[in-house]
Amino acid sequence: MAGFEGVVVSDPSLHNQFTQVELRSLKSQFLSMRTSSGGGDGGPLTVRDLSVAMSKLKIAGDGLSEDERAVLLGESFPDLDHQVDFELFLRVYLKMQGRVGAKNSSSAFLKAATTTLLHTISESEKSSYVSHINSYLGEDPFLKKYLPIDPMTNDLFEISKDGVLLCKLINIAAPGTIDERAINTKRELNPWEKNENHTLCLHSAKAIGCTLVNIGTQDLAEGRPHLVLGLISQIIKIQLLADVNLKKTPQLVELIGDSKDVEELMSLSPEKILLRWMNFQLKKGGFRRLITNFSSDVKDGEAYACLLNVLAPEYSRKPYPSTVKELLERAKLVLEHADRMGCKRYLTPKDIVEGSPNLNLAFVAHIFQKRNGLSSQMKQITFLEANSDDPQVSREERAFRLWINSLGIPTYINNVFEDLRTGWVLLEALDKVAPGIVCWKSANKPPIKMPFKKVENCNQVVKIGKQLKFSLVNIAGNDIVQGNKKLILAFLWQLMRYNILQLLKNLRFHSREKEIKDVDILNWANDRVKNSGRHSRMDSFKDRSLSSGIFFLDLLSAVEPRVVNWSLVTKGERDEEKKMNASYIISVARKLGCSVFLLPEDILEVNQKMMLTLTASIMYWCLKRPITEDRTASSDGENGSSSETTSTSALDDTASESSLDDSGGR
């Protein structure tokens, strides 16, 4: 694409270990180290210097101490006085990442980055995901001419290059996330249109809970296998685990002893709930071992044989898997039993024996979808219904949860009201939004058994909130520990709003660092629409006329004239028309590159908080573009001639943004 300048590494094998996002970031860090080397006089950077320099900049993460880095360098490079160039620095970085990976080999799939240290892909996983795509998208009107995909080729990555397949897959995982009218689906897409699809895909993936690290639109355009497969893996798993929660499957209360344990179950990740469900069913079958993972614990196939026999004894056939000693043969019989139940094959006998964690998780999740073996216990389900949230609270919890997860903090949360009660996640989020503001020496890291330790964390959260001038009258740390939903949502809203206002304040367009207020965002939006020649306006962020969607469509068209297809816009008079416009607005905003986490219902009901965040996201996207690009887009209008100029403004934005931007308040 025009205007894209990549970092070039002379060794192709080394170059292929990194995305362009990673290379640009590492090049910047390398130059920073070289400038400060030699006591700050910019002298030569040697291997000996790397241990201290990389520790200070936290390069390759916090997984290695300075001493561990020094030992690794000594083992790998006999001459510690050797001068370091950028390529040697990259090799050192890979070695350190490898050592960190060896120390921290296990993590939940949703927190796993879409990148991997060694950029290789699992052929078994590729084959499984291709089969899933062929099954769920085979009849799609646009994609059916490309499907079925042959799993033995790299066609998956070629077909993904225009972004259409990935957008459609997101809608299979979370129906309605993307308004498909916003997807560019011409037979031949130009670079701008492909970039729009990739941007829409990445921002929508974040909006359903994917963790995106070091992946940008350029990586998707190039069809980089490890990144594309990593993204597809997360999307499919979100689909398969969608029902593994109390809201979708209230019968899960059968797993707990009494209503006091409901809160604990609500705080568990879908993966852990699935493990608890599996052990619950295995206990019925007299299985004595506890299954703690989807890898080594299920390799022998014994747990699967017992599980399927408990859930679907009518499909058992001789020879029974439990009577077969040879592991591959036993795994084969397990899969044949699952086939008779109507389960899709997400793995092969070899994958079971080798303990493939991703594919075993997918397999168990699909078994849960087909037949969970749970009975309805009305007393406990009635308890759940009595304690369920009203729709607006649920939507706000969802928006804040997704926003926090998009910040790139170490902890992945599954439920705002449960996962924030230790205070630790809030401290991580505060440190991301306002770097350096948290006193980590006095913070208590989970797991926390003593309640007063949680209160200490939450007291620091409230103290920092007051420093940031949040309205926290009569709020104490214990309110967060007790899971007070109203107060937690109020705090999170102020934190999100602070983040947005700081990002706008720190843009170069506001070099005087003038404080940004809500009214500034309101006035900017109205002025932008008025200057574009359109006549809609909003009097406030709770203006009921916003429910039609017309103002936001005018605003989106004002900041990028070609992005709105007006033939798809309704008058917004009837409820159905308003809903269509609201859905289209969200997808068009993401297509531009705005990180938004609201739902169409928030626009229909004019949720004041979400209206502010939507407007601010559009404002941030618009103002951060170079002025020349903004003018080009405005002058070219509908003819699309600005495409290759303006497309670079969104290039790889997703990789560097969290919420609106990963930089937080910096």
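Me: Is Val606 buried or exposed?
Reply: This is a predicted model, and in it Val606 counts as buried because its relative accessibility is 7%, under the 20% cut-off.

Me: Where does Val606 lie?
Reply: Val606 is in the loop between α28 (600-604) and α29 (608-623). Its phi is positive, about 50°, although Val606 is not a glycine.

Me: OK, and what about Asn474, buried or exposed?
Reply: Asn474 is exposed, with a relative accessible area of 75%. Asn474 also has a positive phi, about 60°, and is not a glycine. Its place is the loop between α22 and α23.

Me: Peptide bonds next. Which bond ending at Pro319 is cis?
Reply: The one from Lys318 to Pro319, with omega near -5°. Pro319 sits in the loop between α14 (302-311) and α15 (327-341). Another cis peptide bond joins Pro446 and Pro447, where omega is about 0°. Pro447 belongs to the loop between α21 and α22.

Me: How many residues of α21 are buried?
Reply: Helix α21 (residues 424-433) has 8 of its 10 residues buried, so it is mostly covered. Among them are Trp424, Leu427 and Glu428. The buried residues of α21 pack against α19 (391-406), α20 (416-419), α22 (451-467), α23 (477-481) and α24.

Me: How do α21 and α22 cross?
Reply: The crossing is left-handed. On the α21 side, Trp424, Leu426, Leu427 and Leu430 meet Asn457, Gln460, Val461 and Ile464 of α22. By class, that contact has 6 nonpolar, 2 polar and no charged residues.

Me: Change of topic. Which residues touch the most other members of the largest nonpolar core?
Reply: Leu231, Leu274, Trp277 and Met278, in a core of 174 residues. Helix α24 (residues 485-506) gives the most to this core, with 12 residues.

Me: What does Met278 touch?
Reply: Leaving out residues up to four places away in sequence, Met278 touches Ile291, Phe294, Val298, Ala303, Tyr304, Leu307 and Val364. There is also a second, separate core of 25 residues, including Val47 and Leu72.

Me: Last one: how many helices and strands are in the protein chain?
Reply: The protein chain has 32 helices and 0 strands. Of its 666 residues, 55% count as buried.

Note on methods: Residues are numbered from 1 along each chain as its sequence is written. This is a predicted model: local features need pLDDT of at least 70, side-chain atom pairs count only at pLDDT 80 or more; totals for chains, interfaces and linings use all residues. Side-chain values use heavy atoms; hydrogens and water are left out. A nonpolar core is a set of buried Ala, Val, Leu, Ile, Met, Phe, Trp, Tyr and Cys residues joined through side-chain atoms within 4.5 Å. Buried means under 20% relative accessible area, exposed over 50%, partly exposed in between (1.4 Å probe, protein chains only). Helices (H or I, at least four residues) and strands (E, at least two) are DSSP runs, numbered from the N terminus. Contact means heavy atoms within 4.5 Å. A crossing is left-handed if the near helix is turned anticlockwise from the far one by less than a right angle, and right-handed if clockwise. Ala, Val, Leu, Ile, Met, Phe, Trp, Tyr, Cys and Pro count as nonpolar, Asp, Glu, Lys and Arg as charged, and the others, Gly among them, as polar.
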